[in-house]
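Reader: Please show me the structure, and then I will ask about it.

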Amino acid sequence: MSYANKDEVRGVLIQSGNERVLLPNATVAEMMARVSVQPLANAPTWLVGQIAWHGWSVPLLSYAGLSGHGSESLGSNNKVVVLKALGGNPDLPYFALLTQSFPQLIAVPRDGLLADASEENLPDGVHMRVLLGEQSALLPDLDAIEAAVTSALANIAA
């Protein structure tokens with residue numbers, strides 16, 4: 001018996017700065033807490049550092065800092081969501097987002113995920129704003145985020 005409901009979209013809801021962010025469940029590799037972060041010299045402020053994860057050095061970024069919707073501080077009780085990069089870059093198969101709260105797995109009915117067209121210009125790294133019931137959330141532009149991380153890492157190495 002299959003438990004998958006084709007009328008639902010599964011996602012992971014995180015808090016990033018002043019906004020809630022809805023991530024596609026299929027891109028989430030792992031959720032972790034209290035992760036040791038290695039800072040990166042000469043990195044943009046939104047590129048917080050790198051974490052060691054399953055043999056990879058995974059770039060950690062503040063989505064709030066990248067998109068300009070608040071700030072996030074790195075503390076001893078940090079929470080991180082590791083995402084699968086979809087761009088096919090063998091040097092960047094994963095990147096991670098800093099979050100302020102434990103991620104929440106949610107199932108949204110397809111007809112319950114409505115685009116919020118109240119903003120004409122969306123911030124960097126934001127694909128669209130959606131309404132989940134009466135609350136809004138950001139859908140990240142994962143391709144743009146991955147490109148920003150790749151560019152920032154190339155500029156650091158240069």
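**Charges, fold and aromatic rings**

Author: The 8 positive and 15 negative charges of the protein have mean positions 10 Å apart; Lys and Arg count as positive, Asp and Glu as negative, and His and the chain ends are not counted. The place of a charge is NZ of Lys, CZ of Arg, CG of Asp or CD of Glu. This is a predicted model, in which local features need pLDDT of at least 70, side-chain atom pairs count only at pLDDT 80 or more, and totals for chains, interfaces and linings use all residues. Residues are numbered from 1 along each chain as its sequence is written, and side-chain values use heavy atoms, with hydrogens and water left out.

Reader: How many aromatic pairs does a search of the whole structure find?

Author: Rings of Phe, Tyr and Trp (its six-membered ring) pair if their centres lie within 6.5 Å; planes under 30 degrees apart count as stacked, over 60 as edge-to-face and the rest as tilted. On the whole structure, the search gives two aromatic pairs.

Reader: What kind of pair do Trp-53 and Tyr-94 form?

Author: Their ring centres are 4.7 Å apart. The planes stand at 70°, so the pair is edge-to-face.

Reader: Is Trp-53 buried or exposed?

Author: Buried means under 20% relative accessible area, exposed over 50%, and partly exposed in between (1.4 Å probe, protein chains only). Trp-53 has 8% relative accessibility, so Trp-53 counts as buried.

Reader: Which residues form one aromatic cluster?

Author: Tyr-94 is partly exposed, at 22% relative accessible area. The rings of Trp-56 and Tyr-94 also pair edge-to-face, with centres 6.1 Å apart and planes at 65°. The cluster consists of Trp-53, Trp-56 and Tyr-94.
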